[in-house]
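Subject: Structure for your review

Dear colleague,

Please find below the structure that I am handing over to you. I would be grateful if you would read the notes that accompany it.

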Amino acid sequence: MTETPLTVDFISGAIDYRRRHGGGRGQALPKALGFRPGVTPDIVDATAGLGRDAFLLASLGANVTLIERNKEIQKLLEDGMARAATASDSHAEIISRMILVKGDARDILPELRPETVLIDPMHPPRRKSALVKNEMRQLRAIVGADPDCEELMRVALSAASKRVVLKWPRRAAPMPGMRSPSHQILGKSTRYEVFMMAPAREDQN
Ligand SMILES: C[S@@+](CC[C@H](N)C(=O)[O-])C[C@H]1O[C@@H](n2cnc3c(N)ncnc32)[C@H](O)[C@@H]1O
């Protein structure tokens with residue numbers, strides 16, 4: 001059986017369903033990133049991938065900067081964003097809050113001086129690999145693993161002024177060498193580790 005080629009589709013399918021029926025700001029991801037009534041953070045998604053998280057966050061009103069380093073995935077994201085921008089006025093409005101930046105987030109984050117950063121690296125493959133969704137397998141075949149994700153976390157923690165959220169498999173051991181998160185939010189199969197930054201102290205002199 002021939003496999004459907006990997007695409008970024010913000011208009012139909014799972015992403016569209018999640019936008020319309022996913023539970024809005026009450027979902028674990030927006031909660032972890034600091035969405036509250038009257039508060040919508042600006043977010044840098046340092047591991048954009050197929051843009052599913054970024055699109056959801058932009059559909060909830062956030063301005064999202066997407067960073068992606070893989071050229072093939074960058075092209076898929078550009079195509080998906082261009083198609084969505086002409087699909088309807090509401091899709092165009094969401095896409096207008098999304099900016100794609102091409103490159104390695106370890107280099108780009110310090111220049112952006114972000115408030116809130118989301119990190120969702122390729123996770124270690126699960127033992128029950130048959131359960132890993134087709135789309136994830138295709139993505140993994142293109143980008144491989146993210147063996148430098150610990151360094152990316154360190155860069156994010158020193159660049160962000162408010163918070164860093166690490167999306168990690170619910171039952172996986174903590175990322176090695178990482179300090180304990182300020183708190184965690186548990187999703188069905190995902191654990192959101194939230195690292196809050198200490199507020200900058202006013203100079204007393
Ligand atoms: C698991 S996917 C992210 C999925 C994404 N959250 C979504 O909703 O579709 C991880 C992506 O991050 C990218 N990536 C990993 N490390 C990166 C880095 N240091 N800079 C930029 N992109 C990175 C990989 O190329 C891959 O496309």
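The notes below set out what was found, beginning with the chain as a whole and ending with single residues.

Please bear in mind throughout that this is a predicted model.

Overall form

The protein chain contains eight helices and seven strands. Its C-alpha atoms fill a box of roughly 65 × 40 × 30 Å along the principal axes. The radius of gyration is 17 Å, which agrees with the value near 17 Å that a compact globule of 205 residues would have. Of the 205 residues, 33% count as buried. Among contacts between residues at least 6 apart in sequence, 67% join residues at least 24 apart.

The nonpolar core

The largest nonpolar core has 47 residues. Within this core, A46, L57, V117, I119 and A156 touch the most other members. For V117, the residues touched, not counting those up to four places away in sequence, are V44, A46, L109, A156, A160 and V164. In soluble globular proteins, nonpolar side chains tend to be buried together.

Helix 8 spans residues 149-159, and its buried residues are L152, M153, V155, A156 and A159. These residues lie on the same side of helix 8, because they cover an arc of only 165 degrees around the axis. On the other side of helix 8, E151 and S158 are exposed. The buried residues pack against helix 6, strand 4 (116-119) and strand 5 (163-169).

Helix 3 presents another case. Seven of its eight residues are buried, so helix 3 is largely enclosed by the rest of the structure. The buried residues are D53, A54, F55, L56, L57, A58 and S59. Just after helix 3, G61 takes a positive phi of about 105 degrees.

The ligand shell

Which residues are closest to the ligand? They are T47, G49, R52, D53 and A105, out of 20 residues that surround the ligand. The elements that give two or more residues to this shell are helix 3 (52-59), strand 2 (64-68) and helix 6 (105-112). By class, the shell has eight nonpolar, four polar and eight charged residues. D53 belongs to the closest group around the ligand and is also listed among the buried residues of helix 3.

Residues in loops

R113 is found in the loop between helix 6 and strand 4. R113 has a positive phi of about 45 degrees, although it is not a glycine. With 10 other C-beta atoms within 10 Å, R113 is exposed.

Two prolines, P176 and P181, are placed in the loop between strand 5 and strand 6 (183-186). Is P181 buried or exposed? P181 is buried, because 21 other C-beta atoms lie within 10 Å, and the cut-off for a buried residue is 20 or more. Leaving aside neighbours within four places in sequence, P181 is in contact with E193, V194 and F195. P176, by contrast, is exposed, with 6 other C-beta atoms within 10 Å. The C-alpha atoms of P176 and E150, 26 residues apart along the chain, are separated by 7.5 Å.

F35 lies in the loop between helix 2 (28-33) and strand 1 (43-45). F35 counts as buried, with 22 C-beta neighbours inside 10 Å. Its contacts, apart from neighbours within four places in sequence, are R25, P30, T40, P41 and L60. F35 and L166 are 131 residues apart along the chain, and their C-alpha atoms are separated by 16 Å.

Q27 has its place in the loop between helix 1 (13-21) and helix 2. Q27 counts as partly exposed, with 17 C-beta neighbours inside 10 Å. Although Q27 and G187 are 160 residues apart in sequence, they are 8.5 Å apart in space, C-alpha to C-alpha.

With kind regards

Definitions and conventions: Residues are numbered from 1 along each chain as its sequence is written. This is a predicted model: local features need pLDDT of at least 70, side-chain atom pairs count only at pLDDT 80 or more; totals for chains, interfaces and linings use all residues. A nonpolar core is a set of buried Ala, Val, Leu, Ile, Met, Phe, Trp, Tyr and Cys residues joined through C-beta atoms within 7 Å. A residue is buried if 20 or more other C-beta atoms lie within 10 Å of its own, exposed if 12 or fewer, and partly exposed in between; C-beta atoms are placed from the backbone. Two residues are in contact if their C-beta atoms, placed from the backbone, lie within 7 Å. A residue is near a molecule or strand if its C-beta atom, placed from the backbone, lies within 6 Å of it. Helices (H or I, at least four residues) and strands (E, at least two) are DSSP runs, numbered from the N terminus. Ala, Val, Leu, Ile, Met, Phe, Trp, Tyr, Cys and Pro count as nonpolar, Asp, Glu, Lys and Arg as charged, and the others, Gly among them, as polar. The radius of gyration is taken over C-alpha atoms; the globule rule is 2.2 Å times the number of residues to the power 0.38. The arc is that of the directions from the helix axis to the C-beta atoms.
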